[in-house]
Structure formats: C-alpha cells, structure tokens
Amino acid sequence: DGLRINLDLSDDIVELKKGQFDFSIRNNTDELELEYLPLVAVKNHLFCSKGYADKHNLYAFKDLTDTHRLIVRNAVKSRSWDSLFERYNKSFQAHENKQVINNSFAIQQALLADAGIGILSDYFIEQLPSKKLHIFADPISSTQLYLAYQPSYIANRWATLIKNKITNNGNVKK
C-alpha cells in the first residue's frame with residue numbers, strides 16, 4: 001500500500017519527535033503530546049522452563065517463595081506482576097529475588113536457560129518448544145498495545161491504514 005517500513009524491534013521507547021520513526025507500538029499512553037490508536041490486547045503468560053519448575057518444585061504461583069527468582073523488566077514497577085502478587089496477598093516490591101532484564105528476547109532466553117520465572121506475551125511463547133516449558137495456570141492480565149504517533153490529519157489516516165493492515169480489519173494476523 002505504498003508504505004516503506006523500517007522496524008526497530010527493541011523494548012526501548014522510540015522518540016517520535018526527534019527520531020526517524022513516524023509510528024511506534026506501545027503498551028502505554030503516557031506521552032500527552034502523542035495520539036494513540038488502540039491496536040490489540042495481547043495475552044500474557046507466567047512461565048518458566050520445565051527444568052526450573054522441576055528443580056524448584058514450582059508448578060503454581062501460590063507456591064512461590066523468596067527463593068524463586070523472578071525475571072523482570074523493572075524491579076520496582078510492573079502492572080502484570082503487581083496484579084498477580086496482589087491476588088495472593090503478596091507484594092511484588094517486597095520480593096527480593098529478582099533479575100532485571102529489559103529486553104523481551106533476552107527474558108525469553110533466560111527463562112529457557114532455567115534462570116527463573118517470568119511473564120511474556122503469547123507471541124514470545126508460541127515459537128518455543130512447548131515440551132520445554134511450564135506455563136502456569138494462573139491468569140495474567142493482558143497488555144493493550146497502541147499505535148502511537150504525532151497528531152496530524154495525514155498521520156491519523158496512515159495510522160488507521162496501518163491498524164487495519166496489522167489487525168486485518170479486526171482479525172489479528174498470527
């Protein structure tokens with residue numbers, strides 16, 4: 001459709017005002033000067049390797065103790081981790097055994113290497129060999145993704161076109 005697409009597949013926030021990109025997919029709407037178009041909600045999962053689950057006898061979140069390592073993006077703040085801990089009257093901030101890794105691909109690899117337990121979206125898990133994973137049954141909140149852009153009539157038209165292509169007119173492509 002006449003789009004030239006350059007992708008930057010990182011977990012870093014892309015600066016739209018000063019950078020080379022016109023659009024960014026984000027999980028928050030905290031920059032007030034940008035427009036946000038809701039794209040899709042992605043399902044998250046709490047998981048670890050089967051080796052980690054077996055070694056630490058950890059098959060449900062309710063059995064989590066301070067000896068279990070959490071692989072997290074941020075050691076202080078996380079909507080997914082906070083809501084999960086609160087469900088069991090525990091505190092994410094009080095859990096001291098955390099390893100911070102701020103890249104989803106690296107978290108994926110750390111979990112496969114028996115480093116701990118973590119939360120990732122469907123699209124990071126579906127490519128992994130299921131026989132090597134232990135996916136916890138505990139429900140995790142979904143992550144809403146937005147297409148962010150600087151407000152203008154043209155950008156809004158392109159954003160709508162991009163959203164329709166990404167979601168295939170409402171039917172998310174897998």
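Guide: Happy to. Let's begin with D63 and K62, whose side chains meet in a salt bridge, with 3.3 Å from N to O. Please keep in mind that this is a predicted model. How exposed are the two partners? K62 has a relative accessible area of 54%, so K62 counts as exposed, the cut-off being over 50%. D63 has a relative accessible area of 34% and is therefore partly exposed.

The structure holds two salt bridges, and the other setting is worth a visit too. R26 forms a salt bridge with E31, and here the closest N and O atoms are 2.4 Å apart. R26 counts as buried because its relative accessibility is 5%, while E31, with a relative accessible area of 23%, is partly exposed. R26 also falls within β1, which spans 23-26. For the charges as a whole, the protein has 22 positive and 20 negative ones, and their mean positions lie 5 Å apart.

Which of its residues are buried? They are S80, W81, D82, L84 and F85.

Just after α2 comes N89, with a positive phi of about 55 degrees, although N89 is not a glycine. With a relative accessible area of 75%, N89 is exposed. D114 is another non-glycine residue with a positive phi, in this case near 65 degrees. The loop that holds D114 runs between α3 (104-112) and β6 (117-121), and D114 is partly exposed, at a relative accessible area of 40%.

There is also a nonpolar side to the surface. I5, L7, L9 and F105 form a nonpolar patch there, with about 480 Å² of accessible area together. I5 belongs to the segment before β1, and I5 counts as exposed because its relative accessibility is 58%.

Finally, let's step back to see the whole chain. The protein has five helices and eight strands, and from the N terminus on they follow the order β-β-β-α-β-α-β-α-β-α-β-β-α. Its C-alpha atoms fill a box of roughly 55 × 30 × 25 Å along the principal axes. Of the 174 residues, 37% count as buried. The protein exposes about 10900 Å², and carbon and sulfur atoms supply 49% of that area. Among contacts between residues at least 6 apart in sequence, 73% join residues at least 24 apart.

Methods. Residues are numbered from 1 along each chain as its sequence is written. This is a predicted model: local features need pLDDT of at least 70, side-chain atom pairs count only at pLDDT 80 or more; totals for chains, interfaces and linings use all residues. Side-chain values use heavy atoms; hydrogens and water are left out. Patches are made of residues with over 30% relative accessible area and no salt bridge: like charges are joined within 9 Å, nonpolar side chains (Val, Leu, Ile, Met, Phe, Trp, Tyr) within 5 Å. Accessible areas come from the Shrake-Rupley method with a 1.4 Å probe; for residues, only the protein chains shown count as cover. A salt bridge is a side-chain nitrogen of Lys or Arg within 4 Å of a carboxyl oxygen of Asp or Glu. Helices (H or I, at least four residues) and strands (E, at least two) are DSSP runs, numbered from the N terminus. Buried means under 20% relative accessible area, exposed over 50%, partly exposed in between (1.4 Å probe, protein chains only). Contact means heavy atoms within 4.5 Å. Lys and Arg count as positive and Asp and Glu as negative; His and the chain ends are not counted. The place of a charge is taken as NZ of Lys, CZ of Arg, CG of Asp or CD of Glu.
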